[in-house]
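Reader: I would like to go through this model helix by helix and contact by contact. Please show it before we start.

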Amino acid sequence: MQDGIKLSYHQVDVLSEIYRENGVPTTTGLEAHVLKVNKSPFSDKLMANLIMFLNTIGIGNLQTAVVSSYKKSHMKILKELIEQVESYSEQGFKLLVRKVWFNEPPVTNRSIDN
């Protein structure tokens, strides 16, 4: 969870900088309205699964930004953000499998070349 928080703040910072350099006004994100609590209202299993599903939405949004961008420098930055989300998602998947909250998909030994 802590890695996800760091990743989200980093991505907000990077994307806000792109907006600012292009003269697009930015607003305060929803994270400013999150209250700290001592006890989670949701289970760890639910939160981990939700994050995994939201990662794919985030990647899709970043991919849309890549194909919509006219600046090569922005495309490079956005691709790096996608790679970061993919890496975080992979770590989350491994956590879900390790905790037995998700079944690892079966692996085939059949070669694609055959």
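Reader: Is the crossing of H2 and H3 left-handed or right-handed?
Author: This is a predicted model, and the answer applies to it as such. The axes of H2 and H3 come within 9 Å and cross at roughly 165°. An angle over 145 degrees counts as roughly antiparallel, so H2 and H3 are roughly antiparallel to each other. The crossing of these two helices is left-handed.

Reader: How do the residues of the contact of H2 with H3 divide into nonpolar, polar and charged?
Author: H2 contributes residues including Ala 48, Met 52, Asn 55, Ile 59, Leu 62 and Val 66. From H3 come, among them, Leu 78, Ile 82, Val 85, Tyr 88, Ser 89 and Phe 93. The contact of H2 with H3 divides into 15 nonpolar, five polar and two charged residues.

Reader: Which residues of H2 are buried?
Author: H2 covers residues 44-68, and its 25 residues reach 36 Å from the first C-alpha to the last, close to the 36 Å expected. What covers the buried residues of this helix includes H1 and H3. Those buried residues are Ala 48, Asn 49, Met 52, Asn 55, Ile 59, Leu 62 and Val 66.

Reader: Which residues does Asn 55 contact, leaving aside its neighbours within four places in sequence?
Author: Asn 55 lies in helix H2. Its relative accessibility is 10%, and the cut-off for buried is under 20%, so Asn 55 counts as buried. Leaving aside neighbours within four places in sequence, Asn 55 is in contact with Val 85, Tyr 88 and Ser 89.

Reader: Which residues does Tyr 88 touch, not counting residues up to four places away in sequence?
Author: Tyr 88 is placed in helix H3, and at 15% relative accessibility it counts as buried. The contact of H1 with H3 includes Tyr 88, and so does the contact of H2 with H3. Not counting residues up to four places away in sequence, Tyr 88 touches Met 1, Asp 3, Gly 4, Leu 7, Ile 51 and Asn 55.

Reader: Is H1 roughly parallel or roughly antiparallel to H3?
Author: The axes of H1 and H3 come within 11 Å and cross at roughly 170°. Since angles over 145 degrees count as roughly antiparallel, H1 is therefore roughly antiparallel to H3.

Reader: How do the residues of the contact of H1 with H3 divide?
Author: On the H1 side the contact includes Asp 3, Leu 7, His 10, Val 14, Ile 18 and Glu 21. These meet residues of H3, among them His 74, Ile 77, Leu 81, Gln 84 and Gln 91. The residues of this contact divide into nine nonpolar, six polar and two charged.

Reader: Which residues of H1 are buried?
Author: H1 has 20 residues and reaches 29 Å from its first C-alpha to its last, close to the 28 Å expected. The buried residues of H1 pack against H2 and H3. They are Gly 4, Leu 7, Gln 11, Val 14, Ser 16 and Ile 18.

Reader: What is the relative accessible area of Leu 50?
Author: Leu 50 lies in helix H2. Leu 50 and Leu 35 are 15 residues apart in sequence and 19 Å apart in space, C-alpha to C-alpha. Leu 50 is partly exposed, with a relative accessible area of 41%.

Reader: What phi does Val 100 have?
Author: Most residues other than glycine have a negative phi. Val 100 is in the segment after helix H3 and is exposed, with a relative accessible area of 65%. Although Val 100 is not a glycine, its phi is positive, about 60°.

Reader: Which residue with a positive phi follows H1?
Author: Its phi is near 75°. The residue is Gly 23.

Note on methods
Residues are numbered from 1 along each chain as its sequence is written. This is a predicted model: local features need pLDDT of at least 70, side-chain atom pairs count only at pLDDT 80 or more; totals for chains, interfaces and linings use all residues. Side-chain values use heavy atoms; hydrogens and water are left out. Helices (H or I, at least four residues) and strands (E, at least two) are DSSP runs, numbered from the N terminus. Buried means under 20% relative accessible area, exposed over 50%, partly exposed in between (1.4 Å probe, protein chains only). The expected span of a helix is 1.5 Å times one less than its number of residues. Contact means heavy atoms within 4.5 Å. Axes are lines fitted to C-alpha atoms, for helices over the stretch in contact, and angles run from 0 to 180 degrees between N-to-C directions. Angles under 35 degrees count as roughly parallel, over 145 as roughly antiparallel, 65 to 115 as roughly perpendicular and the rest as oblique. Ala, Val, Leu, Ile, Met, Phe, Trp, Tyr, Cys and Pro count as nonpolar, Asp, Glu, Lys and Arg as charged, and the others, Gly among them, as polar. A crossing is left-handed if the near helix is turned anticlockwise from the far one by less than a right angle, and right-handed if clockwise.
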